[in-house]
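Here is a walk through one protein model. Keep the sequence and the 3D view side by side as you read.

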Amino acid sequence: MRKEQRFVAGLYDRVDALRGRAESTVRHSLGDTGTGQQARLERDITVHEQSHLLAALDAVDSGLCFGRIDLRDGGHHHIGRVGVREDDADRTPILIDWRAPVARPFYLATGHAPMDLRRRRHLATSGREVTGLHDEILDLDDTERTGHEQHDADAVLLAALDAARTGRMHDIVQTIQAEQDRIIRAPHRGVRVVEGGPGTGKTAVALHRAAYLLYEYRELLARRAVLIVGPNPAFLGYIGEVLPSLGETGVLLSTVGELFPGVTATGTDTEEAAEIKGRAGTAEVIARAVRDRQALPDPVLEIDHDGDVLVLDRETVRAARDKARATGLPHNVAREHFEGHLLNALTDQRAGRLGADPFGGPNLLDPSDVSQIRSELDDDPAVHDAVDALWPSLTPQRLVAELLADPEGHFSGTDAHAVRRPPTAAWTPADVPLLDEAAELLGEDDRAAQAAAAAERRRQVAYAQGVLDVAYASRTYEFEDVDDEDSEVLGVQDVLDAETMAERQEEADHRTAAERAAADRTWAFGHIVVDEAQELSPMAWRLLMRRCPTRSLTLVGDPAQSSTGTRSWREALDPYVGDRWEHIRLGVNYRTPAEIMDYAAEERRADHPDFEPPRSVRSTGVPPWERTVAEDALPGAVAEAVAAHTPDDEGRLAVVAPRDRHAALAAVLPEATYGEQLDLTRRVVLLDARQAKGLEFDTVLVVEPDRFAVNDRYVALTRATQRLGVLRVRG
Ligand SMILES: Nc1ncnc2c1ncn2[C@@H]1O[C@H](COP(=O)(O)OP(=O)(O)OP(=O)(O)O)[C@@H](O)[C@H]1O
């Protein structure tokens, strides 16, 4: 133990030195008063990079080193959350990153397949102090003993599973199991579906896989970023600390409802409306709504132009519309073509009248007259009003808001009734895939944005030229005693021209790829991980697939926990990858003790007689309890049960109850958090079965489980790590 303590102390000394160096670089850079453009740029980049390094060092500080492997050849490696190297010429590794190939035997070696290991050691630490060692002998011929050998190989795992919950998910880097390791380290290309029952570590695997991919494909993924999609913001808060604790920040955590920049989905849909909006057929509804906006006059549209009345009839407009549609361009971009064809038609009409030969000969106007007529028409607001009426510029927000405010004719009768809502209603998460679909079909008429970008670039080049001029002037000043002409000292203007300098300024976007991705609807992610993937609607799949053109995806989920009716993976994925995806199953439940899992499985068998649950890795000897009370005694009974089990200092308790019970229960549970903004770090949480998805608590009290749909009930009954109580209402 003393030896390990010495090692760990030395390791933290090294990390402190790295931290000290980064801090002093930041301090030095911030104090740097250089005012040149280039100096400012370099200073910003340095501060940004070093601040990131400092944040990463702080985040991995706790439990930095957690393992060691001793090799048959006498060598050994310490394994940690990140890699740390000596400050020598060879940059000798002193701590091996858990993701490095060298660390892999730590997770995979067994007595049968020792992978050249003699021993595997787990280190328990508290802050910087080593508090325990746990050794496993892997080479049975090895007779050397350390005194820390333990017979129960799973002791470290079981201790982690038994620990009190905190309301925040922790990483599992010390105890990743072999079946999990294989998924975590699978190559990044392709689509992998990881399916497993409750508590089989799907979320844990998904997060560690993201960390692994960022390590293994650092260059690609630092540029393109990784997206992790979860079912709701509370869940994202629950998992949000795992990747930072592994030193990774290049990840965007988001719900589907947050993936349309500029739209905050604060509204809620009825279940029926959300289901209708999510159907694959809704994509066609949106496409038709766009086509409907490409109108024909009824029967004609008259335009007063310079004392003349020009007439657009249906045939003329139809011809312009057909040609614009034939470009295959999105609506707002094709509008320019439509406008061009209409202008041609109007020009022909006007030129025909102005240049008509009274004696029936050919038109008297020459090409320059015709072109003059065209440009006069182009300048006439009445012509533009006509184009607007027939082919309006549309934003996705306008199109979808108007569609939902007036859905008849787009959706069938009952569906239209279900989705109808006022045009000013708040956006809902189920609207976001519709907005995204609309944005794809409408495209952006980015001429204005491009003109603004060109103007900005001219401004930057002019500014950079100014900087160079100043630099040139100050050069003679700074190097006044040097013979200028023969000088070998290069000035900034010798190596940079204004154009290049402006470019560098443009590149000085200090946001991480994940931050830039969050602000860009069309961002193509390097990899997407979807948790609770069984919940995605066909429309949500369309949105996500657009964000991942390389189809590099890890999808984790459990159809038995789906709230939205079970569609098969095949059905969901077929439109995008056919059958080119890998299906991997996880079969061991690390969360729920056997007693609780048996109870939950039995409940489920009432609807699915052949149901087989995952195998629980531990049992507690504490069976679930049930109580049935009278309707008016329910709040009191819940309060009593909560009081009996509320943890004193550590651990969390959840009451999972139907929504319509929440107000009455919250009144008797003053310490509980409930509602849309759950604070999962509170000791008592009141929520419904859907909100509970993916979460876990030491004690769970399920109220009126029979009122939940079968899959939701299964979710509710499988959230506990220690104790489950069930309260029913008589009658
Ligand atoms: N190898 C492991 N070592 C330690 N803890 C583990 C390991 N694998 C899973 N766990 C723990 O088991 C619990 C359940 O894991 P997780 O939430 O990832 O399961 P899940 O399959 O996503 O469950 P659900 O489908 O119910 O959401 C978590 O507390 C997780 O940290």
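This is a predicted model: local features need pLDDT of at least 70, side-chain atom pairs count only at pLDDT 80 or more; totals for chains, interfaces and linings use all residues.

The tour below goes from the whole chain to single residues.

The average pLDDT over the protein is 89, and 90% of the residues reach at least 70. The model's ipTM is 0.99 and its pTM is 0.87. One stretch needs care. Across residues 470–494, pLDDT stays under 50. For those residues the model has 17 contacts beyond four places in sequence.

Now the overall make-up. The protein has 731 residues, and 37% of them are buried. Its secondary structure comprises 28 helices and 22 strands.

Next, look at a pair of helices. Two packed helices are described by the angle between their axes and the distance between the axes. Helix H25 covers residues 594–605, and helix H28 covers residues 710–717. Their axes come within 9 Å. They cross at roughly 170 degrees. That angle makes H25 roughly antiparallel to H28, because angles over 145 degrees count as roughly antiparallel.

Which residues of H25 and H28 meet? From H25 come Tyr599, Ala600, Glu603 and Arg604. From H28 come Val710, Arg713, Tyr714 and Leu717. In this contact, five residues are nonpolar and three are charged, with no polar residue taking part.

Move to an annotated site. An unreviewed UniProt entry places a "binding site" feature at Gly196, Gly197, Pro198, Gly199, Thr200, Gly201, Lys202 and Thr203. Pick out Gly199 in the view. Gly199 sits in the loop between strand S7 (191–196) and helix H6 (202–216). Is Gly199 buried or exposed? It has 28 C-beta neighbours inside 10 Å, so it counts as buried; the cut-off for that is 20 or more. Leaving out residues up to four places away in sequence, Gly199 touches Asn589, Tyr590, Arg591, Thr592 and Thr718.

Thr200 is another residue of the annotated site. Thr200 also lies in the loop between S7 and H6. Thr200 is buried, because 26 other C-beta atoms lie within 10 Å. What does Thr200 contact, leaving aside its neighbours within four places in sequence? Its partners are Leu586, Gly587, Val588, Asn589, Tyr590 and Pro614.

Some loops hold backbone details to check. The peptide bond from Asp298 to Pro299 is cis, and its omega is near -5 degrees. Pro299 is placed in the loop between helix H11 (282–292) and strand S10 (300–305).

Arg551 has a phi near 55 degrees, which is a positive value in a residue other than glycine. Arg551 is in the loop between helix H23 (538–546) and strand S13 (553–557). With 15 other C-beta atoms within 10 Å, Arg551 is partly exposed.

Glu704 is a further case of positive phi in a residue other than glycine, with a value near 50 degrees. Its loop runs between strand S21 (697–703) and H28. Glu704 has 18 C-beta neighbours inside 10 Å, so it counts as partly exposed.

Asp648 is in the loop between helix H26 (634–645) and strand S18 (653–656). How many C-beta neighbours does Asp648 have inside 10 Å? It has 6, so Asp648 counts as exposed. Its C-alpha atom is separated by 8.9 Å from that of Arg683, 35 residues apart along the chain.

Arg570 belongs to helix H24, residues 569–577. Arg570 has 12 C-beta neighbours inside 10 Å and so counts as exposed; the cut-off is 12 or fewer. Between the C-alpha atoms of Arg570 and Trp581, 11 residues apart along the chain, the separation is 9.0 Å.

Arg104 lies in helix H3, residues 104–108. Arg104 is partly exposed, with 16 other C-beta atoms within 10 Å. Arg104 and Leu207 are 103 residues apart along the chain, and their C-alpha atoms are separated by 18 Å.

Key. Residues are numbered from 1 along each chain as its sequence is written. Helices (H or I, at least four residues) and strands (E, at least two) are DSSP runs, numbered from the N terminus. pLDDT is the predictor's confidence in each residue, from 0 to 100. Two residues are in contact if their C-beta atoms, placed from the backbone, lie within 7 Å. Axes are lines fitted to C-alpha atoms, for helices over the stretch in contact, and angles run from 0 to 180 degrees between N-to-C directions. Angles under 35 degrees count as roughly parallel, over 145 as roughly antiparallel, 65 to 115 as roughly perpendicular and the rest as oblique. Ala, Val, Leu, Ile, Met, Phe, Trp, Tyr, Cys and Pro count as nonpolar, Asp, Glu, Lys and Arg as charged, and the others, Gly among them, as polar. UniProt positions are given in the numbering used here, feature names are shortened, and annotations may be inferred rather than shown by experiment.
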